[in-house]
Amino acid sequence: MKLYLYGIIDSSDQITDSIYGLEGSGVYNIPFRDIGAVVSQISQPIQDVTESAVLEHEAVVEKLMANFAVLPVRFQTIIDGRDSLLSMMQSYYKDFKDNLRRLHNKLEFGIKVIWPADKIKENIIKTFRNGKQGKVESDSSLSKKFIKEKFDKYKIDKEFEAKAERFIKVMDIFFSRFAAEKKLEKLKTKNLLLDAVYLVEKDKQNDFREAFEHIKSGPPGLKYLFSGPWPAYNFVVLSKKSGLLKDSEQTVLFDKVTQCQALVGADSI
Amino acid sequence: MITNGIVETDSPEEFIEEIERAQNVLPKKIDANPKTVEKGLAKLVLILIELIRKLLEKQAMRRVEAGSLSDEEIERVGETLMKLENKMDELKGIFGLKDEELNLNLGPLGDLM
Amino acid sequence: MNNVIAKSKDVTLLEILDRVLDKGVVIAGDMVISVADVDLIYLGLKVLLSSVETMEKLRGSPFIGPMQEAK
C-alpha cells in the first residue's frame, strides 16, 4: 500500500488524536527506533497541485506540530510501501535525529517587508543631483556619455542596495534577539525589501511578536507581512546530497549536456 | 488587520504581487526537445555572452569609481561596451528573446544574473 | 471588504505553497514514486487548480516532467 508522508516526528508512539489527511485517510505513525514517520495510505499518486490537497497536507503537519517536534516533508512525497519507508528511515536516521534535536521546541515565523522602490530611487537621484559637481561636457563623445550614463546608474543602484541593507539591519537587530536561527533574503524583487524566516523558541514567540509590532511603527511607507507559527520548513538541513538536487535531476542535467554536445558535433566542450 | 490565523498583513494585494513576481517562471532545465533545441542553444549562448558583458560592465564601473582609468581608456571601454550592448540588442531581436528570458535558475544557488 | 478577505486567503495560500512545495524534508531514492516536481513550484496561484495539460497550454511549452518524459 502506497504511503503519503507528511512529516518525521520525535516519537515512536501512536498518534492518539484522530487526524485525517489526503483522500480522507487516517493519519498514523510508523515508528523507527525513537522517531516516527507520519503517513496515511494513498491509492494513487497525486497528479495536480490543488488547493485542497495542499491545505489538507498542511493541516496535518500543523496538527502534529501541536504535540511533537516535526520535520515537515515536501508535498506529494509518496513512498511505495512500509519496507521502503523503514529502509528510508534507516538511511536518514541520523539526519532526522539531528534535525529533531535542533528544532525541538522551536517555531518558524516569516516576515516580509515591502518598500516603495521607485520612490526611494527618485530620492536617491534627487540627493545626487543636489550634491553633484559632475563635469557636463557637452562635446563629450558618445562613448564617454555612455560610460557616464552607466556610471550614474551604477551609483544609484549601489546606494539603493546600501539603503536596503541599512533598513534590514535595523529590523534584523530587533528580531534576532529572540531567534535561534534566521534566513534573510534582501531585495528578492525591487519592492520586496525583505523576505525573512526566523526560528524562534516557543516561549519567546510573544517577545518576537512584540518586536514585530514595534518595527511596524517605524518608518512610514513600508508594508509588513507576518506569518506563522509554522513548522520549521526552512530550517531542516539534510546532509545527504539528495537534499540539494534529486538524483534523477542530476542525471537529467548530464544527459542534456551530452545531447547538446552531440547536436553541436563537438566531442568535448 | 487581516488575519487568517497564520498570515497577517494590511496589504495582501501588494504582497501577492511581489511574491508572484519573485516566483517568476524561469525554467530550471534547458528544454532539449529537438524541435526547439536550436532556440534553446542560442539562448544558452546569449545567456553566457550576457553574463560576460555584465561582468565587464561592472568591472568598468568599479574602475571608473576608483578613478583608475585614463581619459583615453574611458573612451575605449565606453566604445567597446556600447558596441557590445548594441550587438546584444540585435541578437535578442533576431532570436526574439527578452531580457528576462536571458537568465538561468541554478536551483539552490539562485539565478545566474 | 470581501475582496480583501479573498486576497488574504490567497496570500496565505502562497505562503503555504512556498513552504510545502519547496522546503522541508526532500526524500530521494527508488522508494519514492512521486514527489512534487520542481517545475510546479514556480507556477504560483493562477495555475494551481489546473491539470497538467492546462498548465502546458498556459505556459505555452511542453511540460518537462520526470526523466522518462524528457527522453
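1. How many helices and how many strands does chain A have? In this predicted model, chain A contains 6 helices and 9 strands. Of its 269 residues, 32% are buried, and among the contacts in chain A with a separation of 6 or more, 71% are between residues 24 or more positions apart.

2. On the nonpolar core: the largest one has 37 residues, of which A:L5, A:Y6, A:I8, A:I9, A:V70 and A:L71 touch the most other members. At least two residues of this core are supplied by each of β1 (2-9), β3 (35-42), α1 (51-67), β4 (70-72), β5 (78-79) and α2 (82-103) of chain A. It is β1(A) that gives the largest share, with 6 residues.

3. On the pair α3 and α4 of chain A: the axes of helix α3 (residues 117-130) and α4(A) come within 10 Å and cross at roughly 120°. The crossing of α3(A) past α4(A) is right-handed. From α3(A) the residues A:I120, A:K121, A:I124, A:I125 and A:F128 take part, and they meet A:K155, A:I156, A:E159, A:F160 and A:K163 in α4(A). By class, this contact of α3(A) with α4(A) holds 6 nonpolar and 4 charged residues, with no polar ones.

4. On the pair α4 and α5 of chain A: helix α4 (residues 142-176) packs with helix α5 (residues 205-216) at an angle of about 155°, the axes being 9 Å apart. Because angles over 145 degrees count as roughly antiparallel, α4(A) is described as roughly antiparallel to α5(A). Here, too, a handedness is assigned, and α4(A) passes α5(A) in a right-handed crossing. The residues that meet are A:M171, A:F174 and A:F175 in α4(A) and A:F208, A:A211, A:H214 and A:I215 in α5(A). The contact of α4(A) with α5(A) divides into 6 nonpolar residues, 1 polar and no charged.

5. On the side of α4(A) the contact is made by A:L142, A:S143, A:K144, A:F146 and A:I147, and on the side of α3(B) by B:I74, B:E75, B:V77, B:G78, B:E79, B:L81 and B:M82. The residues of the contact of α4(A) with α3(B) divide into 7 nonpolar, 2 polar and 3 charged.

6. Is B:L51 buried, exposed or partly exposed? There are 15 other C-beta atoms within 10 Å, and B:L51 is therefore partly exposed, since a buried residue would need 20 or more and an exposed one 12 or fewer. Not counting residues up to four places away in sequence, B:L51 touches B:L112 and B:M113. From B:L51 to B:E65 the separation is 14 residues in sequence and 21 Å in space, taken C-alpha to C-alpha.

How values were computed:
Residues are numbered from 1 along each chain as its sequence is written. Chains are lettered from A and ligands numbered from 1 in the order in which they are written. This is a predicted model: local features need pLDDT of at least 70, side-chain atom pairs count only at pLDDT 80 or more; totals for chains, interfaces and linings use all residues. Axes are lines fitted to C-alpha atoms, for helices over the stretch in contact, and angles run from 0 to 180 degrees between N-to-C directions. Helices (H or I, at least four residues) and strands (E, at least two) are DSSP runs, numbered from the N terminus. Angles under 35 degrees count as roughly parallel, over 145 as roughly antiparallel, 65 to 115 as roughly perpendicular and the rest as oblique. A crossing is left-handed if the near helix is turned anticlockwise from the far one by less than a right angle, and right-handed if clockwise. Two residues are in contact if their C-beta atoms, placed from the backbone, lie within 7 Å. Ala, Val, Leu, Ile, Met, Phe, Trp, Tyr, Cys and Pro count as nonpolar, Asp, Glu, Lys and Arg as charged, and the others, Gly among them, as polar. A nonpolar core is a set of buried Ala, Val, Leu, Ile, Met, Phe, Trp, Tyr and Cys residues joined through C-beta atoms within 7 Å.
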